[in-house]
Amino acid sequence: MATWNKNDALVEVWRTWGETEANIVQGLLESSGVECAIQGESTRLTHGFTLDGLAEVRILVREEDRERALETIAEAGHMTECPDCGQPAGTDDRACRFCRAPLAVR
Ligand SMILES: [Zn+2]
């Protein structure tokens with residue numbers, strides 16, 4: 001388990017709606033030495049599910065690890081970058097997870 005200092009500034013590097021994908025990304029990050037924290041709706045709400053039945057999960061890393069984390073996800077082919085907001089987007093996504101801009105399907 002990652003050990004967090006409460007002064008660590010955490011930034012979101014990935015957002016997903018499935019625990020499976022969150023676990024894949026977590027594994028990727030940990031294998032390249034980036035500690036990450038998973039923050040899910042279901043951890044703080046009893047009925048932590050969105051209307052489509054999937055809990056939203058956020059993956060957080062220390063600010064200083066952000067670049068390495070994004071590179072790791074990109075190298076694994078999971079990620080492209082939103083042309084509008086520059087946030088990471090999944091290669092299969094049709095819309096940006098952050099700003100909702102439509103993404104070209106490749
Ligand atoms: Zn965007």
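Q: Two strands pair if DSSP finds at least two bridges between them. Which residue stands opposite L60 in β3?
A: The model is predicted: local features need pLDDT of at least 70, side-chain atom pairs count only at pLDDT 80 or more, and totals for chains, interfaces and linings use all residues. Residues are numbered from 1 along each chain as its sequence is written. L60 is found in strand β3; strands (E, at least two residues) and helices (H or I, at least four) are DSSP runs numbered from the N terminus. Opposite L60 stands E12.

Q: In what order do the three strands form the open sheet?
A: Strands of a sheet pair through backbone hydrogen bonds, either parallel or antiparallel. Here the pairing is antiparallel. The edge strands β1 and β2 (36–40) each pair on one side only. The order is β1-β3-β2.

Q: How many bridges join β1 to β3?
A: β2 and β3 pair in the antiparallel sense over five bridges. β1 and β3 also run antiparallel, and their bridges number six.

Q: Which residue in β3 is the bridge partner of Q39?
A: I38 stands opposite I59 in β3. For Q39, the partner in β3 is R58.

Q: Is L60 buried or exposed, and why?
A: A residue is buried if 20 or more other C-beta atoms, placed from the backbone, lie within 10 Å of its own, exposed if 12 or fewer, and partly exposed in between. Leaving aside neighbours within four places in sequence, L60 is in contact (C-beta atoms within 7 Å) with L10, V11, E12, C36, A37 and Q39. Because 22 other C-beta atoms lie within 10 Å, L60 is buried.

Q: What separates the C-alpha atoms of E64 and D8 in space?
A: E64 is found in the loop between β3 and α3. It counts as exposed because it has 11 C-beta neighbours inside 10 Å. E64 and D8 are 56 residues apart in sequence, yet their C-alpha separation is 9.4 Å.

Q: With what residues is A69 in contact, neighbours within four places in sequence left aside?
A: A69 is among the residues with the most contacts inside the core. In α3, A69 also meets α1, together with T72 and I73. Its contacts beyond four places in sequence are V13, L29, V34 and V61.

Q: At about what angle does α1 run to β3?
A: Axes are lines fitted to C-alpha atoms, for helices over the stretch in contact, and angles run from 0 to 180 degrees between N-to-C directions. α1 lies across β1, β2 and β3. The angle of α1 to β3 is about 15 degrees.

Q: How far apart are the axes of α1 and α3?
A: Two packed helices are described by the angle between their axes and the distance between the axes. V25, L28 and L29 in α1 meet A69, T72 and I73 in α3. The helices pack at an angle of about 115 degrees, and their axes are apart by 9 Å.

Methods. Core = buried A, V, L, I, M, F, W, Y, C linked by C-beta atoms within 7 Å. Contact = placed C-beta atoms within 7 Å.
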